[in-house]
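Grab a pencil and open the viewer.

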Amino acid sequence: MNKLVLASNNAGKLREFAQLFAPLGIELLPQSAFNVGEAEEPHVTFVENALAKARHCAQATGLPALADDSGICVTALHGAPGVYSARYAGEPKSDQRNNDKLIADLAGKTDRRAHYVCVLALCRHAGDPQPLITEGEWHGEIVATPRGEGGFGYDPYFYLPKHGCTAAELEAAEKNRISHRGVALQQLLRKLRENQNP
Ligand SMILES: O=c1nc[nH]c2c1ncn2[C@H]1C[C@H](O)[C@@H](COP(=O)(O)OP(=O)(O)OP(=O)(O)O)O1
Ligand SMILES: [Mg+2]
């Protein structure tokens, strides 16, 4: 497989995947290059939404498609916003309003634990009966005051005690090495290699 379509319209994800794929010798094309519209994400699990996006994109392009469904799960909010992270503060999607709502919802709560989840789904074609699926998690805490200019989404509020900084303060390469997305992609690449060398 030397060409893949990325089934996402999120500029932050596109940036991170471009960097992650750069050394791999796999051409990664954004679905916008094929005028693929946004897929429905009607499901209550990351894995089902990831599959829906990958299948929709493979169908529309005739090429293998990789989708990322991700979000942040906050312990004190019983796992919310979870699969609804992108639309937490309603439509149209806005990172700023999502972050404001998250901080408001956590006001007065002492348990600040949260983790990112990323599920990747790779459909080699629209009817692929055996899509590759992997998952990564990244654990941290929500801070009330944003820090850093990097990353995207909830990153300025996602604090990593081990690193003493937020995800938005990490170098892009460091985030990709340890993030939910980076971990899920390493697993996906391992599965791809196993499939090619049975
Ligand atoms: O590393 C991350 N750093 C910060 N925020 C993140 C990250 N990873 C996911 N997130 C947040 C952003 C968005 O609020 C939601 C993903 O929602 P999700 O539906 O998967 O993506 P999306 O609608 O933005 O784009 P698309 O579906 O076209 O890929 O989780
Ligand atoms: Mg989405």
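Pro81 sits in the loop between strand 3 and helix 3 (95-105). Keep in mind throughout that you're looking at a predicted model.

## Positive phi

**Exercise 1.** Asn35 has a positive phi although it is not a glycine. Is Asn35 buried or exposed?

*Solution.* First the angle: phi of Asn35 is about 55 degrees. Then the place: Asn35 lies in the loop between strand 2 (27-30) and helix 2 (46-61). Now count neighbours. Asn35 has 8 C-beta neighbours inside 10 Å, and the cut-off for exposed is 12 or fewer, so Asn35 counts as exposed.

With 8 C-beta neighbours inside 10 Å, His78 counts as exposed.

## The annotated aspartate

**Exercise 2.** Which residue does UniProt list for "active site", and why does that residue count as buried?

*Solution.* The unreviewed UniProt entry lists Asp69 under "active site". In the model, Asp69 is found in strand 3. It has 27 other C-beta atoms within 10 Å; a residue is buried at 20 or more, so Asp69 is buried. Leaving out residues up to four places away in sequence, Asp69 touches Phe46, Asn49, Ala50, Lys53 and Val119.

## The sheet and what lies on it

**Exercise 3.** In what order do the strands of the sheet run, and which are the edge strands?

*Solution.* Trace the open sheet across its seven strands and you get 2-1-3-4-5-6-7, with mixed pairing. Strand 2 and strand 7 (165-166) are the edges, each pairing on one side only. Zoom in on strand 4 and strand 5: they pair in the antiparallel sense over ten bridges. Leu120, for instance, has Thr134 of strand 5 as its bridge partner.

Helix 2 lies across strand 1 (3-6), strand 3, strand 4 and strand 5, and runs at about 155 degrees to strand 3.

**Exercise 4.** Which residues of helix 5 are buried, and what covers them?

*Solution.* Helix 5 covers residues 180-196, 17 residues in all, and reaches 25 Å from its first C-alpha to its last, close to the expected 24 Å. Its buried residues are His180, Arg181, Gly182, Val183, Ala184 and Leu185. Their cover includes helix 1 (11-21), strand 3 (65-74), strand 4 (113-123), strand 5 (132-142) and helix 4 (172-178).

## The whole chain

**Exercise 5.** How many helices and strands does the protein have, and why can it be called as compact as a globular protein of its length?

*Solution.* Count five helices and seven strands. The radius of gyration is 17 Å, close to the 16 Å from the globule rule for 198 residues, so the protein is as compact as a globular protein of that length. The C-alpha trace spans about 50 × 30 × 25 Å along its principal axes. Buried residues make up 38% of the 198.

Methods: Residues numbered from 1 in each chain as written. Chains lettered and ligands numbered in written order. Predicted model: local features only at pLDDT ≥ 70, side-chain atom pairs only at ≥ 80, totals over all residues. Helix = DSSP H or I, 4+ residues; strand = E, 2+ residues; numbered from the N terminus. Expected span 1.5 Å × (residues − 1). Contact = placed C-beta atoms within 7 Å. UniProt positions renumbered as here; feature names shortened; annotations may be inferred. Pairing = 2+ DSSP bridges. Axes fitted to C-alpha atoms, helices over the stretch in contact; angles between N-to-C directions. Rg over C-alpha atoms; globule rule 2.2 N^0.38 Å.
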